[in-house]
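Subject: Structure handover, with notes on charged pairs

Hello,

My notes come after it.

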Amino acid sequence: MESGAVFSGLHRHPTPPSHHLILGHSRCAIKFFPPLFTDKKLFSSHPQSLQLQKQSDLALYRNGNNNHVNSVRVASPASNVTSELADIDWDNLGFGLMPTDYMYMMKCSQGDSFSKGELQRFGKIELSPSAGVLNYGQGLFEGLKAYRKHDGNILLFRPEENAIRLRMGAERMCMPSPTVEQFIEAVRATVLANERWIPPPGKGSLYIRPLLMGSGAVLGLAPAPEYTFLIYVSPVGNYFKEGLAPINLIVETEMHRATPGGTGGVKTIGNYAAVLKAQGTAKANGYSDVLYLDSVHKRYLEEVSSCNVFVVKVEERLVTVDELINADEVFCTGTAVVVSPVGSIAYQNERITYGNDGVGRGVATTLFCPYQPTNGTHRG
């Protein structure tokens, strides 16, 4: 899910094509550009173009002929939506939660399908103490970003892939999920409603966090009776404080990120709670993050707490921790971290460094283009 690249663009469009989605007064279009890679298992061969408009009530509806897609109506309590930038220090934007204007919410019961949703003011939500997500961890999350370009376009990175991954995870976790179309429409509506929080070009991005959770009350171990799909956003800068400077990792040999037969293959909330202890210890000792090994052999590299890891010298295959010693370069990738070169890795009381400047052969620096997507594409 993390290889290849394609952007969806939200931009001004003079005349709306007849088959497009509509969202109000000032017209914006979302366009899917072709991917850099052509693996048909990951990318659709049918480019899409959906028309958007913004208006005070943000009414969203679908004109398509797909009978399998439920219509979605988005009604905002706001009387107007402004595109003026929020008054914050964009030059010192970190990676933390900054409350914005609106969030999106949609609910459905177990056995039913999601059919309608709405934008509402960002704020607290109400859950039963016996909610499935609180008691049994029945929840998933996603992460994607919106970028502002110099020409005024707003770009999204492959939102359809996030939608597909959410649906795969929902099947594993016994939850209903929004359709791909509903997911994209909800993301688009949320981004446009919070447009003033999208950083200026080169200053950061708008991080988009979709959540799917069992919100209904349940006491016995069973799927929850009700589910909530929620999206909130926050402007962010670099995930690692080092930015493009090399990060330092430590290999964890006892605690593991995933186990065979578990939920490591989907983005469930429990996968991330499991890394907090090792990550906290690593950061207390001056490391940027933790590199985990497989739980069976305790030898093959899996991933870092919050992102993927690449070792430059080998093809795509299982990589042993011993091969780190001879690697030409190591770097991490992910939605939050973008591309981060690894300067050193500590393993069994030995520190391995990469290159005199910590970036090895420079593959990561070639790929790195934070907040500056050009021609609708982004590497990483």
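The notes cover salt bridges and one serine.

This is a predicted model, in which local features need pLDDT of at least 70 and side-chain atom pairs count only at pLDDT 80 or more, while totals for chains, interfaces and linings use all residues. Residues are numbered from 1 along each chain as its sequence is written, and side-chain values use heavy atoms, with hydrogens and water left out.

Salt bridges

The structure holds 10 salt bridges (a side-chain nitrogen of Lys or Arg within 4 Å of a carboxyl oxygen of Asp or Glu). Helices and strands are named from DSSP runs, numbered from the N terminus (helices: H or I, at least four residues; strands: E, at least two).

One of the bridges joins Lys298 to Glu254, with 3.7 Å between the closest N and O atoms. Lys298 sits in the loop between strand S12 (289-293) and strand S13 (301-304), and Glu254 in the loop between strand S11 (247-252) and helix H4 (269-273), so the pair ties together parts that are 44 residues apart in sequence. For accessibility, buried means under 20% relative accessible area, exposed over 50%, and partly exposed in between (1.4 Å probe, protein chains only). Lys298 is partly exposed at 37%, whereas Glu254 is exposed at 55%.

Arg257 pairs with Glu303, the closest N and O atoms being 3.9 Å apart. Arg257 belongs to the loop between S11 and H4 and Glu303 to strand S13, so this bridge ties together parts that are 46 residues apart in sequence. Both Arg257 and Glu303 are buried.

Arg299 and Asp322 also meet through their side chains in a salt bridge, at 3.9 Å from N to O. This pair links distant parts of the chain, 23 residues apart: Arg299 is in the loop between S12 and S13, and Asp322 in the loop between strand S14 (308-312) and strand S15 (329-334). Arg299 is partly exposed, with a relative accessible area of 38%; Asp322 is partly exposed too, at 41%.

Finally for the charged residues, a network of salt bridges links Glu315, Arg317 and Glu323.

Ser305

Ser305 is in the loop between S13 and S14 and is buried, with a relative accessible area of 2%. Its side chain makes a polar contact with the side chain of Tyr292 at 3.1 Å (a pair of N or O atoms within 3.5 Å; within protein, one must be able to donate a hydrogen and the other to accept it, and residues adjacent in sequence count only if both atoms are side-chain atoms). Leaving aside residues up to four places away in sequence, Ser305 touches Arg257, Tyr272, Val275, Gln279, Asp289, Val290 and Tyr292 (contact means heavy atoms within 4.5 Å).

Regards
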